[in-house]
Amino acid sequence: MRNTLRQIKIGNTEINGAAALAPMAGCSDLPFRELCRSFGASYTVTEMVSAKGFVMGDRKSEELMRLGENEHPAAIQIFGSEPLYMAKAAEKALKFSPDIIDINMGCPATKIIKGSSGSALMKDPALAGRIVKEVVSAVNIPVTVKIRAGWDKNNINAVEFAKVLEQNGAAAICVHGRTKDQMYAPPVNLDIIRDVKMSVSIPVIGNGDIETPLDAKKMLDYTGCDLVMIGRGALGKPWLFKLINDYLEKGVIAEEPSIEERMEIMLFHIKRLCEHKGEYIGMLEARKHAAWYTKSLRGAAAYRRELSALKSFEELKAISERIIKEQKELI
Ligand SMILES: Cc1cc2nc3c(=O)[nH]c(=O)nc-3n(C[C@H](O)[C@H](O)[C@H](O)COP(=O)(O)O)c2cc1C
């Protein structure tokens with residue numbers, strides 16, 4: 001089974017490797033994206049940014065859009081429901097040199113769908129098509145869209161919806177195989193990803209519940225999608241991209257990192273986070289990341305409680321040394 005690193009082209013942007021990092025607001029910031037990249041993620045997307053907020057000059061949006069030096073190809077993701085604001089935001093975002101503009105049409109959060117953005121657009125294909133058309137005509141880079149299977153189980157319209165997006169100039173579609181009503185509950189519908197792939201001629205990215213190299217291969221094989229996108233499976237486990245690439249290339253499941261390596265990766269990640277956002281914010285955000293890094297360890301619940309009060313990087317260093325010692329004693 002030799003399945004060498006896939007190369008796909010979205011418009012004229014080349015992506016080498018089948019596993020991409022999904023956009024995750026509050027998680028997939030620049031330090032995390034760069035870390036995943038160093039483990040072989042072939043493509044990354046920023047956290048979603050409000051098109052209107054960005055156009056109106058919101059400083060936080062600018063921060064979210066900044067890409068890493070070694071983070072190409074990468075997309076900036078925008079959300080909104082007004083075609084002209086979306087087009088203006090995409091054009092203004094070009095100053096951050098993205099390779100792709102991605103449009104969020106999958107977010108199920110109440111705050112987002114109340115504004116007719118995110119997955120609410122799946123109920124209005126005509127408006128979604130207009131948004132894509134305006135954004136495509138505003139920028140000279142590929143425009144992609146991230147969608148869900150549909151609004152609810154009685155309205156699974158990803159196939160027809162994807163066709164509308166393609167007709168309006170979308171260069172690729174990412175399908176998260178769940179309805180908006182499902183939020184993040186299982187199961188992921190691989191059939192709908194396969195059906196979209198069979199119905200459009202632009203690349204299709206499959207997404208949902210990939211936790212292991214076998215899950216990634218299953219999605220690629222079953223749906224025929226061009227690329228898989230991994231979200232929660234990479235939290236506290238950025239090396240998952242390497243495991244997936246190794247498996248797709250050589251057919252072997254490589255070993256998980258040792259406890260020492262795991263803690264080293266965690267410290268590296270949190271150090272970058274503190275450099276990027278300052279130690280105060282960095283350590284607040286480190287609490288959740290550290291809990292993910294220790295999730296599968298024996299005694300994880302006690303570690304999580306302790307890590308939820310983290311205040312300084314030095315404290316995290318001391319805890320990680322103790323974790324290594326305790327985990328080795330358990331062997
Ligand atoms: C905390 C969190 C934040 C997310 N933020 C975004 C976002 O900003 N834009 C987006 O398109 N999807 C977002 N998603 C959805 C993910 O990109 C992905 O579609 C979903 O988690 C399913 O993939 P997974 O099972 O690999 O996690 C988010 C998901 C999570 C869990």
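Okay, let's start with a helix pair: helix 11, residues 259-277, packs against helix 14, residues 313-330, at an angle of about 170°, with the axes 10 Å apart. Helices here are DSSP runs of H or I with at least four residues, strands are E runs of at least two, and both are numbered from the N terminus. The axes are lines fitted to C-alpha atoms, for helices over the stretch in contact, and angles run from 0 to 180 degrees between N-to-C directions. Helices 11 and 14 are therefore roughly antiparallel, going by a scheme where under 35 degrees is roughly parallel, over 145 roughly antiparallel, 65 to 115 roughly perpendicular and the rest oblique.

Before I go on, this is a predicted model: local features need pLDDT of at least 70, side-chain atom pairs count only at pLDDT 80 or more, and totals for chains, interfaces and linings use all residues. Residues are numbered from 1 along each chain as its sequence is written.

Back to that pair. On the helix 11 side you've got, among others, Ile259, Met263, Leu267 and Ile270, and they meet a helix 14 set including Phe313, Leu316, Ile323 and Ile324. Contact means C-beta atoms, placed from the backbone, within 7 Å. The residues of this contact split into ten nonpolar, two polar and four charged. For those classes, Ala, Val, Leu, Ile, Met, Phe, Trp, Tyr, Cys and Pro are nonpolar, Asp, Glu, Lys and Arg are charged, and the others, Gly among them, are polar.

On to the cores. The largest nonpolar core has 84 residues, and Ile78, Val135, Ile173 and Val228 touch the most other members. A second, separate core of 15 residues includes Cys274, Met283, Ala286 and Ala291. A core is a set of buried Ala, Val, Leu, Ile, Met, Phe, Trp, Tyr and Cys residues joined through C-beta atoms within 7 Å. Buried means 20 or more other C-beta atoms within 10 Å of a residue's own, exposed means 12 or fewer, and partly exposed is in between, again with C-beta atoms placed from the backbone.

Take Met86, in helix 4, residues 83-93. Met86 is buried, with 26 other C-beta atoms within 10 Å. Beyond four places in sequence, its contacts include Ala51, Ile78, Ile103 and Val135.

Helix 10, residues 240-250, has buried residues too, including Leu240, Phe241, Leu243 and Tyr247. The buried residues of helix 10 pack against strand 3, helix 1, helix 9 and strand 11. Just after helix 10, Gly251 has a positive phi of about 75°.

Most residues other than glycine have a negative phi, and most peptide bonds are trans. The His72 to Pro73 bond, though, is cis, omega near 5°, and Pro73 sits in the loop between helix 3 and strand 6. Pro186 and Pro187 are also joined by a cis bond, with omega about 0°.

As for phi, Ser97 is positive, near 55°, in the loop between helix 4 and strand 7. Is Ser97 buried or exposed? Exposed: Ser97 has 12 C-beta neighbours inside 10 Å. Ser116 has a positive phi of about 60°, and is partly exposed, with 14 other C-beta atoms within 10 Å.

How values were computed
Two residues are in contact if their C-beta atoms, placed from the backbone, lie within 7 Å.
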